[in-house]
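I opened the model to look up its annotated repeats and its salt bridges. My entries follow in the order of the checks.

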Amino acid sequence: AVMTEVAPIQVDLPKEAAGEPTAAAPATVASRAVRVTTPQIHWHGKSPVFACDFHPHSPRLLATAGSEPDGMGGLHLWIVHDHEAPAPPTADQAKPVEQPPVTFLQALEGHDKPVNCLRFSPSGEFLASAGVEGLVVIWRRTMAAPTPQAAIAGAEKWEHFAILRTHVLDVADISWSPDSLFLASGSTDNTCCIVNVFSNKDKIASHIRDHSHFVLGVAWDPLEEFVLTVSSDRSCRMATSASRRWRGDTKTSAIASRMDFESKPAPRAHDKSHAADA
């Protein structure tokens, strides 16, 4: 369900901004009315939404993830429109028909529990989602719409590709490698898992177990040389693979941990004034 509210707001601009007479410049523009549109969208039937991501090559294609009213995990695809809100009608004009800011495309069903994160692959061919159940689900784009209008007409389609059983607890974050071959995931089981999405045998390439608490963030180096992980144990670690295959030769090292800095109170306003007088 989509609800849209248009709230016209009259803004009293300063004389300089409104173009009223000043000592420096004559008046050229009167005060203006600014129209603000606040779309109210029931993305997942009023249930929480935990993540969203735009497609890298189809910028109007949006994916949202969270939970559904029945407690299941929800993953929805949308087309975001760029039309402007219509101007408020005058007394002798009929109220214009408001267009919804988004159009629903497809619901992807594959999660039994809420979804915490999702990411489109850099190639745009795949979508990864993960959440409370500890699974990573990969979706593949089987029909690519050339335009948003074609997508709304039914030319956009995503289907289930693979399920990766990577963790035993919640997955907090995922990140694709720049070549879209590998996927890294961080979990509250204190580990980071790197998987080869296209491996025909064992898809799990490496398990990084150096953190002592939840792994809350993962990020892939754009040059594909290392993977960074951050944890609630207050450390950031770097994993590298000499072969770039991330199997058997993955090494990690702590590159940042808790650091104590000398705390200096910020100067107060009257201190600055006294310093200026001195």
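Entry 1, annotated repeats. I kept in mind that the model is predicted.

I then looked up the secondary structure of both spans. Residues 108-139 are 53% strand and 0% helix. The C-alpha atoms at the ends of residues 108-139 lie 8 Å apart. For residues 164-191 I noted 50% strand and 0% helix, with the end C-alpha atoms 15 Å apart.

How many salt bridges does the count come to? The count comes to five.

I found a salt bridge between the side chains of Glu125 and Arg140, at 2.7 Å from N to O. Glu125 sits in the loop between strand S7 (115-120) and strand S8 (126-131), and Arg140 is in strand S9 (residues 135-143). The two residues are 15 apart, and the pair links distant parts of the chain. I also checked accessibility: Glu125 is partly exposed at 30%, and Arg140 is partly exposed at 33%.

Which residue does Arg141 pair with? I found a salt bridge from Arg141 to Glu156, with 2.6 Å between the closest N and O atoms. Arg141 belongs to strand S9, while Glu156 is in the loop between helix H2 (148-155) and strand S10 (157-165), so the pair ties together parts that are 15 residues apart in sequence.

Are the two partners buried or exposed? Arg141 has a relative accessibility of 15% and counts as buried because that value is under 20%. Glu156 has a relative accessibility of 7%, so Glu156 counts as buried by the cut-off of under 20%.

I noted a salt bridge between Arg247 and Asp202, with the closest N and O atoms 4.0 Å apart. Where do the partners lie? Arg247 is in the loop between strand S17 (236-241) and strand S18 (250-256). Asp202 is in the loop between strand S13 (192-196) and strand S14 (204-208). I recorded this pair as linking distant parts of the chain, 45 residues apart.

For accessibility I have Arg247 as partly exposed, with a relative accessible area of 39%. Asp202 is partly exposed, with a relative accessible area of 45%.

How values were computed: Residues numbered from 1 in each chain as written. Predicted model: local features only at pLDDT ≥ 70, side-chain atom pairs only at ≥ 80, totals over all residues. Heavy atoms only, no water. Helix = DSSP H or I, 4+ residues; strand = E, 2+ residues; numbered from the N terminus. Buried < 20%, exposed > 50% of the residue type's maximum accessible area, 1.4 Å probe, protein only.
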